[in-house]
Amino acid sequence: MSPKRTPLTGIHEGLGARIIEFAGFHMPVSYTSILEEHQAVRERIGLFDVSHMGEFFITGPNAGRFVDELVTNDCRKLAPGGVLYTVMCRDDGTVVDDLLVYLIGGGRNPEYMLVVNAANIEKDFSHISAHVSGGVSLENMSDAIALIAVQGPASLELLGRCPFFAPAMDGVSSLEYYHFMRFEREGETITVSRTGYTGERGFELFIPPRFAAGLWSELMQSGAPLGIKPVGLAARDTLRFEASFCLYGHELDDRTTPLEAGLSWVVKLDKESFIGKRALAEEKKKRPKRKLAGFELEGRNIARQGFRVFCGGRHAGAVTSGTYSPTLKKSLCMALVENDPSSPAGAYEIEIRNAMMPAQAVALPFYKSRAKG
Amino acid sequence: MKPEDMRFTKEHEWVAVNDDASEAAVGITDYAAGELGDIVYIELPKEGAHVRCMQPMGTIEAVKTVADLYSPLSGVVSAVNKNLENSPEIVNKSPFGDGWFVRIRIADAGELDRLMNYTAYRAMIGKE
């Protein structure tokens, strides 16, 4: 099957972006320089096409209970307009995917939007479908929604400069972190969500595909005086890495549990029931076998995914993501390592092309923005 | 030296040979630097190290990938570009100039005949 194009692929090609196939889509990996794009988001503003992400809608009188059973975090805390980061697991506690849950409307006929990883759209849909019961309907709207992310300290200022958002700016400017609002344009729904995957203040804009090219151009034009740059997947990865957000396929996969991956904060074992609860409760009691840890390397070699981690000379795990941090100017990595409290601190080494490189365990996240979300 | 006067390997290194073919400067091409993207660390051989034709002599770490650096010639490393230690991005900015990697004292000038000229290199990367 040939890769899909997003409504913006033509624009990326016109900008001279390097295009790769990612999760079945033609996606821009970088436009000019990964480091410049990264810095634009940390210091000013960056624009991302993330239309490859999947969106599922779950509705019906039993939708609330269904979604709460599906995911590990507590959806009962959500009010309409709220967003929740969570994972969904199998019965054995391994992670199917990490996702965002949007509560669009509550009441007797609630409506939820689930935003899932592009690479997992089919897997997630069949996992969710297998659990659907009466009073719940599930719809995959991924091809009918384009997603543009605006990230960086100047992101709110940018939306304020765009005529596109003029009718909604009162609501947009008062949005809190992990909240969203919707407005109508030409009879279609626009969703503005104060979320992101960069560790910087920003918004994600869910729009019908026919608006995508026009909105992209408007954002680029209005953002020019603010120093906006289009940002590809490569810098999206280094940005999320610095903020130490998990990336499915790296920190999370079909064999990892959320407790291992440092996501116990989204696993609410006090909930009456959810898929995987028994296994995760058991795992927590016994102590997870592995833990996600951050490391700083002494040199500037990069510890990449799959490189082996040693503790006191013993093989203790593997790197999940690693790069040279453009903001912190250090070689950093995250790794899943044995969760052994008796491991001596500071005794870690990472094997890089047959050489053992000393690595210091450091706290996650590596980077925290002064202005949250 | 202009790229037109350099010689090239299929591993995208350039070689700038001095007049009496006793020494050569070595770097990577603009095409290679562009393909690697932002370079963040370069591991080079030390001065005085013996290097062998088409054997790895170092590594180039870019944000997204890592590449081996091959020696285009056999000989002894006579100089190393120390500026790359703290500013590897020079290679992205000036691959044919300030971004040179090492100079090699040539042991076997016959190896030069195996290198491509600029036209052949451009043809190889599909830019003729």
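1. Chain B, secondary structure. The model under discussion is a predicted one. Chain B contains four helices and nine strands. Their order along the sequence is β-β-β-α-β-β-β-β-β-α-α-β-α. The radius of gyration of chain B is 13 Å, close to the 14 Å that the globule rule gives for 128 residues, so chain B is as compact as a globular protein of that length.

2. Chain B, extent and packing. Taken along the principal axes, the C-alpha atoms of chain B fill a box of roughly 35 × 35 × 25 Å. Buried residues account for 52% of the 128 residues in chain B. Among contacts in chain B with a separation of 6 or more, 59% are between residues 24 or more positions apart.

3. Chain B, surface and charge. The accessible surface of chain B is about 6,200 Å², and carbon and sulfur atoms contribute 45% of it. Chain B carries 13 positive and 21 negative side chains. The centres of these two sets lie 1 Å apart.

4. Chain A, overall form. Nine helices and 19 strands make up the secondary structure of chain A. How does the radius of gyration of chain A stand against that of a compact globule? For 373 residues such a globule would have a value near 21 Å, and chain A has 21 Å, which agrees. The C-alpha trace of chain A spans about 65 × 50 × 45 Å along its principal axes.

5. Of the 373 residues in chain A, 56% are buried. Where residues at least 6 apart in sequence are in contact in chain A, 67% of those contacts join residues at least 24 apart. The accessible surface of chain A is about 15,600 Å², with 51% belonging to carbon and sulfur atoms. There are 42 positive and 44 negative side chains in chain A, and the centres of the two sets are 4 Å apart.

6. Helix α4 of chain A. This helix covers residues 121-131, and its buried residues include Ile121(A), Asp124(A), His127(A) and Ile128(A). Seen down the axis of α4(A), the buried residues fall within an arc of 135°, so they line one face of the helix. On the face turned away from that buried side, α4(A) carries the exposed residues Glu122(A) and Ala130(A). Against which elements does the buried side pack? The buried residues of α4(A) pack against the strands β4 (54-59), β5 (83-89), β6 (95-105), β7 (111-116) and β8 (137-140), and against helix α3 (63-70), of chain A.

7. The segment after β19 of chain A. Strand β19 spans residues 355-362, and Phe366(A) is found in the segment that follows. Pro365(A) is found in the segment after β19 as well, and a cis peptide bond joins Leu364(A) to Pro365(A), with omega about 0°. Is Phe366(A) buried or exposed? Its relative accessibility is 12%, and Phe366(A) therefore counts as buried, the cut-off being under 20%. Not counting residues up to four places away in sequence, Phe366(A) touches Phe241(A), Glu242(A), Ser244(A), Gly294(A), Phe295(A), Leu328(A), Leu332(A), Cys333(A) and Met334(A). Although Phe366(A) and Ser325(A) are 41 residues apart along the chain, their C-alpha atoms are separated by 9.1 Å.

8. Thr29(B) and His12(B). Thr29(B) lies in the loop between β3 (23-28) and α1 (30-36) of chain B. With a relative accessible area of 0%, Thr29(B) is buried. Neighbours within four places in sequence aside, Thr29(B) is in contact with Phe8(B), His12(B), Glu13(B), Trp14(B), Pro95(B), Phe96(B) and Tyr121(B). One of these contacts, His12(B), is found in the loop between β1 (7-8) and β2 (13-17) of chain B. His12(B) is not a glycine, yet it has a positive phi of about 70°.

9. Met54(B). In which loop of chain B does Met54(B) lie? It is the loop between β5 (50-51) and β6 (56-62). Met54(B) has a positive phi of about 60° although it is not a glycine. The relative accessibility of Met54(B) is 28%, and it counts as partly exposed.

Key
Residues are numbered from 1 along each chain as its sequence is written. Chains are lettered from A and ligands numbered from 1 in the order in which they are written. This is a predicted model: local features need pLDDT of at least 70, side-chain atom pairs count only at pLDDT 80 or more; totals for chains, interfaces and linings use all residues. Side-chain values use heavy atoms; hydrogens and water are left out. Helices (H or I, at least four residues) and strands (E, at least two) are DSSP runs, numbered from the N terminus. The radius of gyration is taken over C-alpha atoms; the globule rule is 2.2 Å times the number of residues to the power 0.38. Buried means under 20% relative accessible area, exposed over 50%, partly exposed in between (1.4 Å probe, protein chains only). Contact means heavy atoms within 4.5 Å. Accessible areas come from the Shrake-Rupley method with a 1.4 Å probe; for residues, only the protein chains shown count as cover. Lys and Arg count as positive and Asp and Glu as negative; His and the chain ends are not counted. The place of a charge is taken as NZ of Lys, CZ of Arg, CG of Asp or CD of Glu. The arc is that of the directions from the helix axis to the C-beta atoms.
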